[in-house]
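User: I have a new model open and would like a short walk through it. Can we go over it together?
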Amino acid sequence: MMRSPHEAYRKVDFDARVSGATPQQLVALCYEQLIAALGTAQFAHDSGDNRLKSQSLTRALSALTALQLGVSPDAAIGPALLQLYDAARRTVLDSVLAFDPAALQTIRNDFIDISRAVTGGSN
């Protein structure tokens with residue numbers, strides 16, 4: 001059940017972008033979703049909206065899970081990516097109980113940099 005027209009639109013847009021996407025586009029989309037979710041969690045925390053903060057942290061965890069599942073541990077960069085995603089996941093999970101804006105902003109900034117590198121700076 002959608003809670004708002006904005007959320008319904010976001011889901012339709014997301015579903016349309018996922019359909020037929022290449023693996024590289026899916027990774028870029030997961031980065032985009034993670035970055036947006038962490039930004040929304042910070043906004044929600046600052047404005048005292050615990051429901052939105054919880055939803056945003058859950059969305060960030062979903063993006064991280066999708067990224068982790070897409071890594072081939074046999075790839076040269078696979079172990080490093082898994083370590084990065086696991087550390088980010090632990091930080092997000094820790095922030096569910098004790099919100100840490102600085103740690104989440106660091107993760108967000110790191111993924112903004114990674115996303116720009118992966119997409120050639122188009123994000």
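User: How are H2 and H3 oriented to each other, roughly parallel or roughly antiparallel?
Analyst: This is a predicted model, and in it the axes of H2 and H3 cross at roughly 160° and come within 8 Å. Angles over 145 degrees count as roughly antiparallel, so H2 and H3 are roughly antiparallel to each other.

User: Which hand does the crossing of H2 and H3 have, left or right?
Analyst: H2 passes H3 in a left-handed crossing. The residues of that contact are 17 nonpolar, four polar and two charged.

User: Let me step back. How many helices and strands does the protein have?
Analyst: There are five helices and zero strands. Read from the N terminus, the order of elements is α-α-α-α-α.

User: What share of the residues counts as buried?
Analyst: The protein has 123 residues, and 27% of them count as buried.

User: And how much of the contact is between residues 24 or more positions apart?
Analyst: Among contacts in the protein with a separation of 6 or more, 54% are between residues 24 or more positions apart.

User: What is in the largest nonpolar core?
Analyst: That core has 22 residues. Leu34, Leu38, Leu64, Tyr85, Val92 and Phe111 are the ones with the most contacts inside it. At least two residues each come from helix H2 (23-47), helix H3 (50-69), helix H4 (78-97) and helix H5 (101-119).

User: Which helix gives the most to this core?
Analyst: H2 does, with seven residues. As background, nonpolar side chains tend to be buried together in soluble globular proteins.

User: Pick Val92. What does Val92 touch?
Analyst: Residues up to four places away in sequence are not counted here. Beyond those, Val92 touches Leu38, Leu57, Ala60, Leu61, Leu64 and Leu104.

User: Now H3 and H4. At what angle do they pack?
Analyst: The angle is about 165°, and the axes of H3 and H4 are 10 Å apart. That makes H3 roughly antiparallel to H4. The crossing of H3 and H4 is left-handed.

User: Which residues make the contact of H3 and H4?
Analyst: From H3 there are Leu57, Ala60, Leu61, Leu64, Thr65, Leu67 and Gln68. From H4 there are Leu82, Tyr85, Asp86, Ala88, Arg89, Val92, Leu93, Ser95 and Val96. By class, the contact of H3 with H4 has 11 nonpolar, three polar and two charged residues.

User: What about the loop between H3 and H4, is Val71 buried or exposed there?
Analyst: Val71 is found in that loop. The cut-off for buried is under 20% relative accessible area, and Val71 has 14%, so Val71 is buried.

User: What is Val71 in contact with?
Analyst: Leaving aside neighbours within four places in sequence, Val71 is in contact with Gly78, Leu81, Leu82 and Tyr85. Val71 and Leu81 are 10 residues apart along the chain, and their C-alpha atoms are separated by 7.3 Å.

User: On to H4 and H5. How do their axes cross?
Analyst: The axes of H4 and H5 cross at roughly 145° and come within 10 Å. The crossing of H4 and H5 is left-handed.

User: Which residues meet there?
Analyst: On the H4 side they are Leu84, Tyr85, Ala88, Thr91, Val92 and Ser95. These meet Ala103, Leu104, Ile107, Phe111 and Ile114 in H5. The contact of H4 with H5 has nine nonpolar residues, two polar ones and no charged ones.

User: A few single residues, then. Is Gln42 buried or exposed?
Analyst: Gln42 lies in helix H2 and is buried, with a relative accessible area of 16%. Apart from neighbours within four places in sequence, Gln42 is in contact with Phe99 and Pro101.

User: And where is Gln105?
Analyst: Gln105 is in helix H5. Gln105 counts as partly exposed, at 31% relative accessibility.

User: Last one, how far is Val118 from Gln24 in space?
Analyst: Val118 and Gln24 are 8.5 Å apart, C-alpha to C-alpha, and 94 residues apart in sequence. Val118 is found in helix H5 and is partly exposed, with a relative accessible area of 47%.

Notes
Residues numbered from 1 in each chain as written. Predicted model: local features only at pLDDT ≥ 70, side-chain atom pairs only at ≥ 80, totals over all residues. Heavy atoms only, no water. Core = buried A, V, L, I, M, F, W, Y, C linked by side-chain atoms within 4.5 Å. Buried < 20%, exposed > 50% of the residue type's maximum accessible area, 1.4 Å probe, protein only. Helix = DSSP H or I, 4+ residues; strand = E, 2+ residues; numbered from the N terminus. Contact = heavy atoms within 4.5 Å. Axes fitted to C-alpha atoms, helices over the stretch in contact; angles between N-to-C directions. Parallel < 35°, antiparallel > 145°, perpendicular 65-115°, else oblique. Left-handed = near helix turned anticlockwise from the far one by under 90°. Nonpolar A, V, L, I, M, F, W, Y, C, P; charged D, E, K, R; others polar.
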